[in-house]
Amino acid sequence: MSENPRSFRGVGTLLIAYAVLSILTGVALLYLGARLVVVGGSAYYLFASVAAILIGALIFRKSVWSVWVLCGLSVATLVWGLMEAGWNGWALIPRFDWLVVMGGVLAALWPVSRRVFAFHKAGPYFVATLVPAIFMLTCIIVPILDNPAVNTADHAVLKERDTAIFSRNAPDRAVGVSSSHDASSWTAYGGSNLSQKFSLASQITPENVGDMVKLWEFHTGDLRPADARYGYAAENTPLKVGDTLYLCSPSHAVFAINASTGEEKWHYDPHVDKAAGFTNGVTICRGVAYYEAPQQLTQCQSRIIWGTMDSRLLAVDAQTGAPCEDWADGGAYDLKQNTDTDVPGFISVTSAPTIVDGVAVVGHMVVDGQDYRAPAGVVRAIDAVTGELRWAWDLGRETPNAPLAEGEHFTHATPNVWSPMSADSDLNLVYVGTGNASGDFYGGNRSEKDEEYTDAVVALDARTGEERWHFRTVHHDLWDFDIGPAMNLVDWPTENGLRPALIQATKAGSIFVLDRETGEPLEPIEMYDATTGPGVPGERVSAQQPMSPNMPNTIGAPNKGEIETLAEADAWGISPFDQLLCRIQFHQMRYDGLFTPPTVGIGSISFPGNHGGMNWGGGAIDPDRGLMLINSERIPYQIYLIPRDDIADAKSVVDDRDHKTPFMPQIGLPYGAKKQPWMGPLKMPCIAPPWGYVAALDLKSKDVLWRRPMGTAADSGPLGIKTGLPVTVGTPSNGGPLATAGGLMFIGAALDNYLRAYDSLSGELVWEYRTDAGVNANPMSYEINGQQLIVAQVGGHDGMGTTSGDGYVAWGLRPEGYTGPKVVRSDMTR
């Protein structure tokens, strides 16, 4: 008997399995698609589900129409996907990938399909199955691989333009070391007190950067203890004074090393209370400060001053590392004093003090969302020679800088200053950036003064602490949009000539330009209609928010005055299933744009979330080319409030350090809160890449000169599994850039283990180096012995998931006779 050409035999079981999977796929799409329609979303997936079920059913009926239904579904999806997402390969992945697989597998089953379906010619079969799949695959791959920088100006023209108005503005050395800056030094966290993060060293250029090699690496030995219930974050930018680099490790140990060779000179371990790290969840030291006394002293003629996670401000001799015994209390100032708290880590110093006019000005971080009666956000100036309190700026007091009376303490819960500061020695002003008053996501109980100074740039007199002016960047902050980036101080052209200016980037993505003497906006400020409705009971929502229409919002909208917003079509996933879940959540959550107020239930979407926008890494200024170089990210966050009656046994990390709660209890307020990146079930963001950019802003035209995604998928992926793929996705970032006079932008920051260099004018990626750990700190640069070095902490960030380490690495042009990097290890043991 001859074989029945339309029977299922042998390899036909593969076709049966294919049919079953098609039906199961259709059923899943039907369920999720129906849920999406119910909440007001797209009906496409109902159509797709019916088609997928029909394909499987027709295969069981041995009908050739199964092939043509797949063809029709693929073509319809191709058209729909391009209409909804455009030529965006990342956005098209969950729309097309499942059909690419279905078409490819069915094409591969031709040997059995031709017998079951009685196909006599391969041509029509492959046209129906493979051609649509190839078209869809092309729509995904080509835009992803063809991903040049977005350029808005001619590179050659920019090289010839006049940018002399953006002077390097380096003050005279007589005003203090931290205010001075030349090619051989890096005297404060941001290069100098101007915080331009600009190195005048120019040996390394876009033309020769490809010859850079690792010259030396220094290992502190400070790795997170195996039993630690907190993480490490390596976010330090060293100082360079003379021939010495001064740096700190996450546990706040300080090291002095030879700036040419990396060899250790001394180290000092303050033995920070581990309970402070647990209270905060992660321990960070972004920087130290250097002070050199103008008068003759018996000890510590020059000194390193820095703060710790357990609320101390310390001073050691810059030459020996010995504590300055005659400074404060044996070399330590207790920052908990007069704060009415004794919990280790409830207040902590994560950013370097700012040295100006003989004082170390220091703020502190306050653990978010714990107790309405949080510690004061007071800013203090400690005499750099004696360690005595010179002044304090306490917003809650009628006269903020008046001395405390006996038995008084600083006012609870006022906006604090945790981020890096800047200072102008000529104006004798220090610039601080505040957060919001206690209750990060609920502000119904805040005072009028709290509101006025929420997320504000404040200019304080360095001698007295008296306020000269302030500017509020967000009204009634309910999103934790505190000021993270340090202010960049520049000269700014106006109709009346150059003015000393301050550029403030924000987490919300806005960039403001202010006169740093008066606080007057040098670029127009307009009020943006921010919301469409009220928040939770007892809360008010500001109807308007300040924006600067002449300056770009660098999250995702390259044009001046634009704000990127989300729609259902922006929801994303690896597959149609996790994309559908994100689409459903988009409609279930509240979203009214940038300033959507938090709500209860499934919550609201905050985009960008409280990580930025632009965060503490801030921007770098290239005054020679008139550019602001910056990294930004576009990760939506999910925020929801929990009514007090619904919180069972609410305890803060402060009350119970052994059982950290997964939410912010906000004790004393009617709501607790929870914030988290808006993620799908595969632990990937619910919007398509890129999730992070680097960009250059033209300070003359105020346009985005270029912008490109930064960061690959090499060290991240679904469910936290590293893919190893060197494909640029544009990851979130933690850290910031360095600008050099040679015309380069150096930056790590991304969620992969690389340091990169971009041509500052063109945005071209001209060099990258694979590191042993994450580079989540701002790099710095200097010249020594005729050679320019680029130095960065290579230590990772437990909170961001990058690889941990304990290194500092120096790169430079390959010297003659180079045989490899020198490796130096500290003798500090922990």
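Throughout this tour, buried means under 20% relative accessible area, exposed means over 50%, and partly exposed covers the range in between, with a 1.4 Å probe and protein chains only. The model is predicted, so that local features need pLDDT of at least 70 and side-chain atom pairs count only at pLDDT 80 or more, while totals for chains, interfaces and linings use all residues. Residues are numbered from 1 along each chain as its sequence is written, and side-chain values use heavy atoms, with hydrogens and water left out.

**Stop 1: the disulfides**

Select the cysteines. The structure holds three disulfides, where a disulfide is a pair of cysteine sulfur atoms within 2.5 Å. Counted along the chain, the bonded cysteines follow the pattern 1-2, 3-4, 5-6.

Begin with Cys 248 and Cys 285, which are joined with an S to S distance of 2.1 Å. The torsion about their S-S bond is about -100 degrees, so this disulfide is left-handed. Cys 248 lies in strand β6 (residues 244-248) and Cys 285 in the loop between β9 (282-284) and β10 (289-292), so the pair ties together parts that are 37 residues apart in sequence. Helices (H or I, at least four residues) and strands (E, at least two) are DSSP runs, numbered from the N terminus. Both Cys 248 and Cys 285 are buried.

Next, select Cys 300 and Cys 324, a disulfide with S to S 2.2 Å. This link is left-handed, with -110 degrees about the S-S bond. Cys 300 belongs to the loop between β10 and β11 (302-307) and Cys 324 to the loop between β12 (312-317) and β13 (332-334), so parts that are 24 residues apart in sequence are tied together. Cys 300 is buried, with a relative accessible area of 3%; Cys 324 counts as buried at 0% relative accessibility.

Then select Cys 582 and Cys 686, joined at S to S 1.9 Å. A torsion of about -60 degrees about the S-S bond makes this disulfide left-handed. Cys 582 lies in helix α10 (residues 576-588) and Cys 686 in the loop between β33 (671-677) and β34 (692-698), so the pair ties together parts that are 104 residues apart in sequence. Cys 582 counts as buried at 1% relative accessibility, and Cys 686 does so at 0%.

Which cysteine sulfur is nearest to that of Cys 71, a residue in no disulfide? The nearest is that of Cys 139, 15 Å away. Cys 71 is buried, with a relative accessible area of 14%. Cys 139 is likewise in no disulfide, and counts as buried at 7% relative accessibility.

**Stop 2: strand β3 and its partners**

Select residues 212-219, strand β3, in which eight of eight residues are buried. Two strands pair if DSSP finds at least two bridges between them. β3 and strand β44 (residues 807-813) pair in the antiparallel sense over seven bridges; here Val 213 has Gly 812 of β44 as its bridge partner. With strand β45 (residues 822-825), β3 pairs in the parallel sense over four bridges, and Phe 218 stands opposite Val 824 in β45.

**Stop 3: an open sheet**

Move to the four strands that form an open sheet in the order β15-β16-β18-β19, with antiparallel pairing. Its edge strands, β15 (354-356) and β19 (389-393), each pair on one side only. Strand β18 (residues 379-383) pairs with β19 in the antiparallel sense over four bridges, and Ala 381 stands opposite Trp 391 in β19.

**Stop 4: aromatic rings**

Select Phe, Tyr and Trp. The structure holds 28 aromatic pairs. Rings (for Trp, the six-membered one) pair if their centres lie within 6.5 Å; planes under 30 degrees apart count as stacked, over 60 as edge-to-face and the rest as tilted.

The rings of Phe 586 and Tyr 591 have centres 5.9 Å apart and planes at 55 degrees, so this pair is tilted. Phe 586 is buried, with a relative accessible area of 12%, and Tyr 591 counts as buried at 15%. For Phe 746 and Trp 767, the centres are 6.2 Å apart and the planes at 70 degrees, so the pair is edge-to-face. Phe 746 lies in strand β39 (residues 744-747) and Trp 767 in strand β41 (residues 765-770), so the pair ties together parts that are 21 residues apart in sequence. Both Phe 746 and Trp 767 are buried.

Finally, select Tyr 44, Tyr 45, Phe 47 and Trp 80, which form one aromatic cluster. The charged end of Arg 95 sits over the ring of Trp 80, 5.7 Å from its centre. A charge sits over a ring if NZ of Lys or CZ of Arg is within 6 Å of the ring centre and within 35 degrees of the ring normal.
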